[in-house]
Each structure stands twice: as structure tokens, then as C-alpha cells.
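The tour goes from one group of side chains to the next.

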Amino acid sequence: MPSTLDPGDRKLLLIASTILILMIAATVALAPPKDEQEGQGIPSTYSTTTNGAQAAYLLLQQLGYQSTRWESPPSELPSDAQGKILILAGPFNFPDKKEREDLLRFVRSGGWIIYAGNFPFLFLESGAVEPPSFPDASNPKEEIYPAVAASPFTQSSSKITMLARNRWVSTDGAQVPLYGKPDAPVVVTWRLEKGRILWWAAPTPLTNSGITRDGNLPFFLGCIQALKPGASPADTTVLWDEYFHGYRGSLWDYFRETTVPWAAFQLALVAVFVLLAFARRSGPLYAPAVVSRLSPLEFVDTLGDLYRRANAGSAAVRVAYQRFRMQLVRRLALAPSISNAQLDAAVRERLGWKQPGLMDTLQRAERTSHERDVSSSEALKIVQALEHYEVLFGLKTRLNQEKH
């Protein structure tokens with residue numbers, strides 16, 4: 001059975017199929033690992049998976065703390081930060097300079113930040129971390145880390161269990177190691193003006209599975225209670241950051257971090273190809289305009305192209321000048337060899353012409369007809385002037401008069 005597609009439709013279909021295949025391949029290649037899809041690898045308070053943080057979030061609410069999600073930019077953090085603690089658990093979006101300054105402003109005004117994860121210097125402007133030096137450091141496992149300093153953060157738990165990929169590298173001596181080894185701790189803390197920062201190598205102590213590990217729950221609650229020792233839980237506000245997890249407070253901000261925009265782009269592209277294919281078959285049909293080879297202006301256009309290519313402006317002036325003189329001397333019954341001055345005088349005497357300019361036009365035409373390099377604009381002006389005198393002297397009629 002012969003194909004019903006013409007070559008144009010077949011080409012369009014091949015292009016659309018190729019683009020679709022390339023987009024599918026790019027989606028497969030760029031898709032995040034399975035354990036990172038749908039928040040499974042993110043300690044988010046919305047996630048009930050093993051790596052989520054919904055259990056700790058709800059636990060604080062049940063204990064009476066003001067445990068709330070924070071989906072706004074750091075610029076909207078409360079200026080009165082006393083009694084407030086912000087938990088940055090495994091953020092995967094990095095802040096810009098302004099957002100980092102807002103986080104530090106929150107701490108300097110009395111707030112606390114628990115930062116659990118890698119790249120603390122991107123959020124806190126301090127903190128160098130590096131992976132451990134043992135052979136299987138690239139594939140870490142949960143380990144038990146003992147407390148290395150007596151402090152309100154360690155008094156409720158002498159050890160914690162953590163899946164730590166990095167160790168803290170002391171920079172300016174302000175950081176106090178809390179758990180791990182003194183020279184390679186996994187938990188440190190330091191003051192920043194009125195506030196305090198705690199760094200955890202991993203968010204394990206607050207994840208849904210990690211909070212049940214040995215020592216993690218007392219340690220997590222001890223960090224929260226140390227903000228206001230002896231105070232009622234209702235006086236402590238715990239802000240769980242979701243802004244740097246991709247939840248930006250609006251529906252679009254949420255979907256922007258998913259594959260929805262990419263899918264919408266693919267659907268829009270397919271729709272464009274469908275509309276193009278439909279328009280080619282269903283649109284109105286127009287016969288292409290064909291210029292007749294018998295057009296009266298074809299000779300004029302061809303002759304004009306020849307003059308323009310040969311730069312023969314002087315030839316065009318010479319033809320118009322000679323035709324004008326021939327018609328004028330014939331009208332006045334004069335000898336063809338008469339000079340321009342005599343011709344101008346005869347026109348004034350016999351035709352009663354009183355206006356100036358004819359002599360100048362004749363002299364310009366005669367001079368230009370013998371020159372080599374004459375611009376097209378100059379030649380056009382002289383030819384138009386001669387034709388204008390032809391009409392004035394009755395040597396020819398205007399175009400609209402000829403039609404009548």
C-alpha cells in the first residue's frame with residue numbers, strides 16, 4: 001500500500017520524532033537517582049521515608065514546642081530572634097550572598113541555627129570540612145561517636161549515631177568540638193554575637209530512621225532545650241527550613257523543582273508540531289502569484305538594471321537630452337545644430353517662456369552626457385527635469401491625461 005504522506009509531512013514527522021527521542025534520552029540521563037526522587041533523600045518535614053524528618057517535626061509539636069515549617073526566604077526571618085532556632089537539615093539549594101547575610105543576621109540578633117550537612121561555609125561563611133582518610137570513606141556507614149566535651153549539648157547523651165561523610169577542620173579556634181574525635185569532630189558549636197551555630201556532619205539524629213538510633217533522640221532534644229534552659233517548650237520556636245529544600249511557598253516554586261516544567265515544555269513542543277501539521281492540511285489554499293513575462297514594465301525594468309549594472313548614468317542622460325532637443329527644435333522649426341543658448345532664446349521668444357532654469361538644465365544635461373562617473377541620483381534628477389519641460393512645452397502629455 002503506497003504511503004499517504006507527502007515528502008513535507010514525512011520530513012516534519014521525522015524531525016518531531018527525533019526531538020522527542022532526544023528529550024526522552026535527556027530525561028533518563030538527567031533524572032536524579034531513585035533514592036533522591038520525591039524527597040526520599042531529603043530530610044524534609046513533608047517526607048515519611050527513612051530519610052525524612054516528619055517524625056521529629058511532629059514530636060516537637062506534641063512536646064509543646066512551636067514547631068513550624070519555614071518556606072520563606074531568609075530575608076523574612078524574624079528580627080527578634082531570641083528563643084528561635086532554625087534547622088537547616090541537608091539543604092540542596094545554595095543561598096546567594098544576600099540570603100547568606102540574612103542567615104547570619106538572624107544569628108547575630110540572638111537566633112540559633114542547626115546546620116546538618118555538607119558545605120557549611122556556603123551558608124555560614126565559616127567552616128571547612130573534609131572526608132575522613134580511611135579507605136572506605138567514599139561509602140560511609142553509621143557509626144557511634146562519643147562526646148568529647150562537657151556541655152549542655154552532651155549532658156543528655158554521651159554518644160550519638162551518625163552516618164557522617166565529612167569531618168570538621170578547625171579554622172579559627174572558635175568552634176568547640178562536641179562529638180567524634182577532638183581533631184576530627186562530627187558535631188561542633190560556636191557563638192556568633194548574640195546567637196549560636198551548631199554544625200552536624202549529617203542530619204541522621206533527626207531523620208525518621210536515625211532518631212531511633214542509640215543516643216540520637218536525647219541529643220536532638222538536648223540541642224533544642226539548650227536554647228532556653230528551664231523554660232517552657234511553648235517559649236521556644238523551632239523553624240524547620242523547607243526553603244532550601246525547594247519549597248518556596250507558592251505552587252509554581254514547588255513544581256519548579258520537579259520534572260513538571262520539563263514535561264510541560266515537551267507537551268508544548270509536541271502541540272506546536274501538531275498545530276503545524278494540522279495547519280498545513282487544513283489552512284486556506286492560495287495560488288501563488290505569477291508575474292507575467294509580457295508585463296509592459298518588464299522592458300523598463302530590464303533596461304534600468306542594465307544601466308545600473310554598467311554605471312551608465314551618463315548614457316541615460318544623453319538619450320533623454322538628445323530626445324528633448326530633437327523634439328523641441330522640431331516644434332520650433334529650428335536647425336538641429338542650434339546651440340543651447342539660441343534654443344533657450346527661441347523658447348522665450350516663440351513660446352513666451354519667462355521662467356528661469358531651462359538654460360541651466362540644458363547645460364547640465366550636455367555636460368553630464370559626456371562624463372564617465374555619474375551617480376544614479378544625479379542622472380535621475382536631470383532626466384526628470386527634461387521630462388518636466390517636455391510636458392510644459394507640450395512635447396508630451398502627462399500620464400493621467402494620456403489615460404483619459
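Start by selecting Y115, F123, Y243 and F244, which form one aromatic cluster. Rings of Phe, Tyr and Trp (its six-membered ring) pair if their centres lie within 6.5 Å; planes under 30 degrees apart count as stacked, over 60 as edge-to-face and the rest as tilted. The model is predicted, so local features need pLDDT of at least 70 and side-chain atom pairs count only at pLDDT 80 or more, while totals for chains, interfaces and linings use all residues. Residues are numbered from 1 along each chain as its sequence is written, and side-chain values use heavy atoms, with hydrogens and water left out.

**Aromatic pairs**

How many aromatic pairs does this rule give? The count comes to 16. Select W168 and W199 as one of them: this pair is tilted, with 5.1 Å from centre to centre and 50° between the planes. W168 lies in strand β7 (residues 167-169) and W199 in strand β10 (residues 195-200), so the pair ties together parts that are 31 residues apart in sequence. Helices (H or I, at least four residues) and strands (E, at least two) are DSSP runs, numbered from the N terminus.

Are these two residues buried or exposed? Buried means under 20% relative accessible area, exposed over 50%, and partly exposed in between (1.4 Å probe, protein chains only). W168 is buried at 3%, and W199 is buried at 0%.

Next, select W353 and Y389. Their ring centres are 6.2 Å apart and their planes stand at 80°, so this pair is edge-to-face. W353 is in the loop between α10 (340-350) and α11 (358-368), and Y389 is in helix α12 (residues 376-392), 36 residues apart. W353 is buried, with a relative accessible area of 18%; Y389 is also buried, at 8%.

**Charges over rings**

Now select R69 and Y46. R69 lies over the face of Y46, at 4.0 Å from the ring centre. A charge sits over a ring if NZ of Lys or CZ of Arg is within 6 Å of the ring centre and within 35 degrees of the ring normal. Then go to R196, whose charged end sits over the ring of W112, 5.9 Å from its centre.

**A surface stop**

Finish with V270, which is found in helix α7. V270 is partly exposed, with a relative accessible area of 38%.
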